Amino acid sequence: MRSPRRRLLAGLLLAPLLSGCFSSSGDDTSSSDSSGSDGGRLRVALAFTPTQNFSPYGQDAFHLSRLGVAEGLTRLDANGTAVPALAESWSAEKSGRSWLFTLRDAKFQDGGTVTAQAVATALTHAADADPAPAALSGVKLTAEAAGEEQVRVSTGVADPTLPLRLSNPSLAVFSPKAYGKKGTANPVGTATGPFELTRITGDTAATLDRFDDYWGGRAQASGIDATFIADGTARANALRTGETDIAEALPVAQIASLDKATVHETNTARNTSLHLNTRSGPFADPKMRAAAREAIDTAVIAKDLYESYAEPAQGIYGPALTWASGKRIGPAGRAQAADPDGTSLTLATYSNRPELPEVAQVLQQQLQKAGFKVKLEVRDYSRLESDALAGKFDAFVLSRNMMLDTGAPVSVLTSDFTCDGTYNLSLLCDKKVDAAVAKARTISETGARQDATMAAEATVLGTDAVVPLVHLKVVTGIGTSVRGTLLDPYERALVGTGTRR
């Protein structure tokens, strides 16, 4: 039987963490303060339409996280450290091959109790998902209840970053009622966060109501009305006219026309990069990839397109990882560039981030100047992802937060650049890359793992499978009446218990 006293203490001690992990817009109030009057419903405009009916095993999981619907055993704080969420504490066993997580007292939104068996079942479903969540690239995860209050999570080989990995929104915990016979998971009314997803309107909108039994305290907003607006100018207009309270990923071109008090910058680990298809087409030849790299002037992209909201990329990891620049190793073994001599290629990107089509146009001009013939293709991301992962384009411009998947820098190399990677847009399969990434993953000491990660970065860059273009800041539009929005450098959180208007 769980101790009621432990439950009370845990709620009092940890509730402020929910609104204190990241910088907030305006004044904030502890999330455990429910004595005031209820806040109104929040109107939130998100940039990416759901692609899988809010399945937690793909990119839609980040909607569930950012809107305060779902959570896992851990979460990341502003420093990228794993801190308690549904787990109060954890410890490594068997030299890091397994970890024991002690659960807090919490409820599912359908009224059930968060038990060790329910958590183990949820993690097992995530591990069995096909395709596997990006956070589990290269990892064989198993979970089992160890009594009523503890869950043992094992990875076969030592994984020193497992507490970070389990913070990924795709590894969120849902009630047993969420899981269907075909491996699907329905997040409507089955999660554990402060807001309950109650209705989905296709890929255009979602309705969320406050979950009053949330372990971290009662949310101050009574609910959220989320809309998915792929056009960046339309999101900015919705903020300008007062039709929305929070608008994510504002276009740089729209910022000057907005009230300065509504514009909030966040330094992130986000890059814009050019991924080259190494499996088929012209960029299967490393000499042609080298020619593309040499044709690109990143300074032009940073200055002319992103203005003060980006800087030329130095590698895969940008200045948000303060340790990276001092440990960076120059790539070696790059092929010599060939003459493009009129080689044709298709360059694709998506419109949800409004600068990306402009970046693609500049790249088209630079590549054509070098001798390529370039056809552009621009779509909404939801209608582009599957084709990109299937290698139907020769080159792909992507904006990606390099710490999004696990908070462990080496993990993004696993998912994006190894043979078995689940988000490998370059379709790269290189034995040297796999070996360098595998080495970095096994090192537990932080400094040594950072060194190995940068060595792996250099190995990836040596293939010219990816050309990092710029390191980005993200601009969020927040109405002046709104308080407590979570400005998260890892872009997993946006609305918390203290967000209100």
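This section describes the confidence, sheet pairing and helix packing of a predicted model.

The chain averages a pLDDT of 90, and 93% of the residues score at least 70. Where pLDDT is low, the predicted coordinates should not be read in detail.

An open sheet of four strands has the order β5-β6-β8-β7. Its pairing is antiparallel. Strands β5 (87-93) and β7 (142-145) form the edges, each pairing on one side only. On average, neighbouring strands of the sheet are turned by 20° against each other, direction ignored. The antiparallel strands β5 and β6 (residues 98-103) are joined by six bridges. Within this pair, Ala 92 stands opposite Trp 99 of β6. Helix α4 (residues 116-128) lies across β6, β7 and β8 (150-154). Relative to β7, α4 runs at about 165°.

A hairpin is formed by β9 and β10, with three residues between the strands. Strand β9 covers residues 195-201, and strand β10 covers residues 205-210. The two pair in the antiparallel sense over six bridges. Glu 196 stands opposite Asp 209 in β10. Gly 202, in the hairpin, takes a positive phi near 55°.

Helix α6 spans residues 232-240. Its buried residues are Gly 232, Arg 235, Ala 236, Ala 238 and Leu 239. These residues lie on the same side of α6, because they cover an arc of only 155° around the axis. The spacing follows a general rule: an α-helix has 3.6 residues a turn, so residues three or four places apart point the same way.

Just after α6, Gly 242 takes a positive phi of about 80°.

How values were computed
Residues are numbered from 1 along each chain as its sequence is written. This is a predicted model: local features need pLDDT of at least 70, side-chain atom pairs count only at pLDDT 80 or more; totals for chains, interfaces and linings use all residues. Side-chain values use heavy atoms; hydrogens and water are left out. Buried means under 20% relative accessible area, exposed over 50%, partly exposed in between (1.4 Å probe, protein chains only). The arc is that of the directions from the helix axis to the C-beta atoms. pLDDT is the predictor's confidence in each residue, from 0 to 100. Two strands pair if DSSP finds at least two bridges between them. Axes are lines fitted to C-alpha atoms, for helices over the stretch in contact, and angles run from 0 to 180 degrees between N-to-C directions. Contact means heavy atoms within 4.5 Å.
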